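Below are the things I looked up.

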Amino acid sequence: MRREEIAATFDLRARGYRDSDWHRASAERLVDLCGLKAGDRVLDAGTGTGFAALHAARQIGSQGGVVGVDLSQGMLTEAHAEAAASSLTNIEFIQCDATALTQFPDAAFDVVTAATSLIYIPVVEGLREWHRLLRRGGLMAFSTMPAGFPVAGRLFRECAAEYGVGLDDPCAPLGSESACQNALSAAGFDDTRAVTDPIRFSVRDLDRAWESNLRSLAHKALRDLPAESLLALQQRYEAVLAAELRADPAALLTSPMLYAFARR
Ligand SMILES: C[S@@+](CC[C@H](N)C(=O)[O-])C[C@H]1O[C@@H](n2cnc3c(N)ncnc32)[C@H](O)[C@@H]1O
C-alpha cells in the first residue's frame, strides 16, 4: 500500500475515530501488559489518535517520554487534542513513516508499541526498524486480531463476495500466536510470547461497523462498485448483522485479541 493512500484514508477516518471503544480498550490493554516503569522511553508506531501513547504517557511520569508516530496528520490532530485536554507534557507526536525513523539513534527507546497498526505497516520493515531503535533488553509489543476476526469484518467480506467483490482478510498474515512470534523471531527478537485475550465491542462500535469496514484500506476494491450496488450491499450487511446479533450476540460483541511481545 502506498503511504499517501494510507495517510489519505486515515485522514478521512480520523474524525470520530476516538469513539472507537474497542481500539481504545485494546491499545490500553497492550500498554498495561507491557508493565511500563517510571522514566521509560516509549515509541508508539502507527499511533493514530494516540490511544496507546497517551495511556503510556500517564504511566511513565515526567522523567519518561513517549513519541507517537503516524503517517496521517488527521489522526495526529485528534491525538494532539486529547493530549492537550489531558495536560500531558511528556508526549510528542510526529508525522512520519514508522519504518524509517532516521531522526532517532540506535537504542533510543526502552519499549516500542504498535497497537493494531501492523495490519498496515509492512511487517518486516517495521519490526527491523524497531529492533534497531530498542536498547538491548528493551520490549517490543504489538496487537492484532486472529484471522477471521472480528466476526463483523468477516460477515462484511462474505456480503461483499455476494456482490462479486473478493476481499482479503487483513488479519490473516499475523493471524495466530505462532505467526506473531515467528515474525518477531525473524526480525531478530528473543523471548517471544503471545497472549490471547477477549475484547468487547460497544454498541457504538457495532453502529460504526458499516462505515469502518467500507472505509478500511483492506476493503478498497469496493470503491469500484456502482452506487446502487453499494446501497444494496449496505442493506444486506445491516440485515446480516442484525440477524447475527439476535442469533449469537456474544460472537458479534466479543473477539479474541492477540498481544505479542519480545525482547531486543
Ligand atoms: C488501525 S490504525 C491504529 C491506530 C492506533 N494505534 C490504535 O490503536 O487505535 C493504524 C494506524 O497506522 C498508521 N500507519 C499505517 N502505516 C504507517 C506507517 N508506515 N508509518 C506510520 N503510521 C502508519 C495509520 O495512519 C493509522 O493511523
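Which helices do the buried residues of H10 pack against? I found helix H6 (151-162), helix H9 (209-215) and helix H11 (249-253). Contact here is heavy atoms within 4.5 Å. Helices (H or I, at least four residues) and strands (E, at least two) are DSSP runs, numbered from the N terminus.

**Ground rules.** I kept in mind that this is a predicted model, where local features need pLDDT of at least 70 and side-chain atom pairs count only at pLDDT 80 or more, while totals for chains, interfaces and linings use all residues. Residues are numbered from 1 along each chain as its sequence is written, and side-chain values use heavy atoms, with hydrogens and water left out.

**Entry on H10.** I looked up which residues of H10 are buried, and they are Leu233, Tyr237, Val240 and Leu241. Seen down the axis of H10, the buried residues fall within an arc of 100 degrees, so they line one face of the helix. The arc is taken from the directions from the helix axis to the C-beta atoms. Turned away from that buried side is a face with the exposed residues Glu228 and Arg246. Buried means under 20% relative accessible area, exposed over 50%, and partly exposed in between (1.4 Å probe, protein chains only).

**Entry on H4.** In H4 I noted Gly74, Met75, Leu76, Glu78, Ala79, Glu82 and Ala83 as buried. These pack against H1, H2, helix H3 (51-60), strand E2 (65-70) and strand E3 (91-95). After H4 comes Ser87, with a positive phi near 55 degrees.

**Entry on the ligand.** I found 21 residues surrounding the ligand, and the closest are Tyr17, Gly46, Asp70, Ala98 and Ala115. A residue counts if one of its heavy atoms lies within 4 Å. Helix H1 (3-14) and helix H2 (21-34) each supply at least two residues of this shell. A backbone N or O atom of Gly46 lies 2.8 Å from a ligand nitrogen, and a polar side-chain atom of Asp97 lies 3.0 Å from a ligand nitrogen. The protein covers 98% of the 600 Å² of accessible area that the ligand has on its own. Accessible areas come from the Shrake-Rupley method with a 1.4 Å probe.

**Entry on Thr9.** I found Thr9 in helix H1. Is Thr9 buried or exposed? Thr9 is buried, with a relative accessible area of 6%. Not counting residues up to four places away in sequence, Thr9 touches Arg215, Leu217 and Arg223.

Methods:
Polar contact = N/O pair within 3.5 Å; in protein donor to acceptor, adjacent residues only side chain to side chain.
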